[in-house]
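Here is a walk through one protein model, from the overall fold down to single residues. Keep the viewer open and follow along.

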Amino acid sequence: MVALVERVERGLLALSVLSGFATLLIIIVVCTDVAGRFLFNSPLHGGVEFSELLMVVLVFFGLAAAQQQRQNYSIELVTRHLPDWTQKLLELLGYATCLVIVVLLAWPSSKQAMMSFERGEAGFGIVPFPLWPARILLAIGLWLLAVQFVCDIYRLLSGRPRLTAQTAAEKALK
């Protein structure tokens, strides 16, 4: 089971590369749009809409990797002084709560994405840019985050925490 969890987590981490690549594409699209407006008085039609789609990829495909690498904000002011078993229980409750919240967000997002796809929903503008790809990518990103929370819960319950660069550095200092 650990091998499966590790393969899933490697896949989720690989998607963060896609998230980073989306950042590069956003920069290229925006710079092209600005240069076209300024130099040739001709903007990149659909550039803003394409940047919005890439922003969805940037944010929602990076969520699972950020959770996996523990790059989210956490406040340990009180919990780090509690006994080890209490810390693990609170961490488990936190993961379970986050999993429920993410699933409660992912489920209606998936339904809305499917309805958007079936209708062929598109935005208003010079270029009728389709909205359904962004909705589908958002739902996929939320489901991937839910998968990461399941992996985190499994790792916590099995006693096999994932070593991140931060936790490895902390162990080296001890």
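**Overall fold**

The protein chain has six helices and zero strands. This is a predicted model. Along the sequence, the pattern reads α-α-α-α-α-α. The radius of gyration of the protein chain is 20 Å, well over the 16 Å that the globule rule gives for 174 residues, so the chain is more spread out than a compact globule. The C-alpha trace spans about 65 × 40 × 30 Å along its principal axes.

How much of the protein chain is buried? Buried residues account for 30% of its 174 residues. The chain exposes about 11,500 Å². Carbon and sulfur atoms supply 71% of that area. On the charge side, there are 14 positive and 12 negative side chains. The centres of these two sets lie 7 Å apart.

Next, the contact pattern. Take the contacts between residues at least 6 apart in sequence: 72% of them join residues at least 24 apart.

Start with the largest nonpolar core, which holds 14 residues. Which members touch the most other members? They are Tyr95, Val102, Leu142 and Phe149. Three helices each supply at least two residues of this core: H2, helix H4 (84-119) and helix H5 (132-158). The largest share, seven residues, comes from H5.

Setting aside neighbours within four places in sequence, Tyr95 is in contact with Gln67, Arg70, Phe149, Asp152, Ile153 and Leu156. One of these partners, Phe149, is also among the core members that touch the most others.

A second, separate core has five residues. Ala22, Ile26, Leu54 and Val57 are among them.

Is Ser19 buried or exposed? Its relative accessible area is 8%, under the 20% limit, so Ser19 counts as buried. Beyond neighbours within four places in sequence, Ser19 is in contact with Val57, Leu58, Phe61 and Gly62.

**Around H4**

Glu91 sits in helix H4. Its relative accessibility is 25%, so Glu91 counts as partly exposed. Which residues does Glu91 contact, leaving aside neighbours within four places in sequence? They are Arg70 and Leu156. Glu91 and Leu156 are 65 residues apart along the chain, yet their C-alpha atoms are separated by 8.3 Å.

Now step back to the loop between helix H3 (63-68) and H4, where Leu82 lies. Leu82 is partly exposed, with a relative accessible area of 30%. Not counting residues up to four places away in sequence, Leu82 touches Gln87 and Leu90.

Tyr73 is also placed in the loop between H3 and H4. At 90% relative accessibility, Tyr73 counts as exposed. How far is the C-alpha atom of Tyr73 from that of Pro108? The two atoms are separated by 26 Å, and the residues are 35 apart along the chain.

Asn41 lies in the loop between helix H1 (2-40) and helix H2 (47-60). Check its backbone. Asn41 has a positive phi of about 55°, although it is not a glycine. Asn41 is exposed, with a relative accessible area of 70%.

Finish with Arg160, in the loop between H5 and helix H6 (165-173). Its relative accessible area is 43%, which makes Arg160 partly exposed. Not counting residues up to four places away in sequence, Arg160 touches Val2, Tyr154 and Arg155. Of these partners, look at Val2. Arg160 and Val2 are 158 residues apart along the chain. Their C-alpha atoms are separated by 8.4 Å.

Conventions:
Residues are numbered from 1 along each chain as its sequence is written. This is a predicted model: local features need pLDDT of at least 70, side-chain atom pairs count only at pLDDT 80 or more; totals for chains, interfaces and linings use all residues. Side-chain values use heavy atoms; hydrogens and water are left out. Helices (H or I, at least four residues) and strands (E, at least two) are DSSP runs, numbered from the N terminus. The radius of gyration is taken over C-alpha atoms; the globule rule is 2.2 Å times the number of residues to the power 0.38. Buried means under 20% relative accessible area, exposed over 50%, partly exposed in between (1.4 Å probe, protein chains only). Contact means heavy atoms within 4.5 Å. Accessible areas come from the Shrake-Rupley method with a 1.4 Å probe; for residues, only the protein chains shown count as cover. Lys and Arg count as positive and Asp and Glu as negative; His and the chain ends are not counted. The place of a charge is taken as NZ of Lys, CZ of Arg, CG of Asp or CD of Glu. A nonpolar core is a set of buried Ala, Val, Leu, Ile, Met, Phe, Trp, Tyr and Cys residues joined through side-chain atoms within 4.5 Å.
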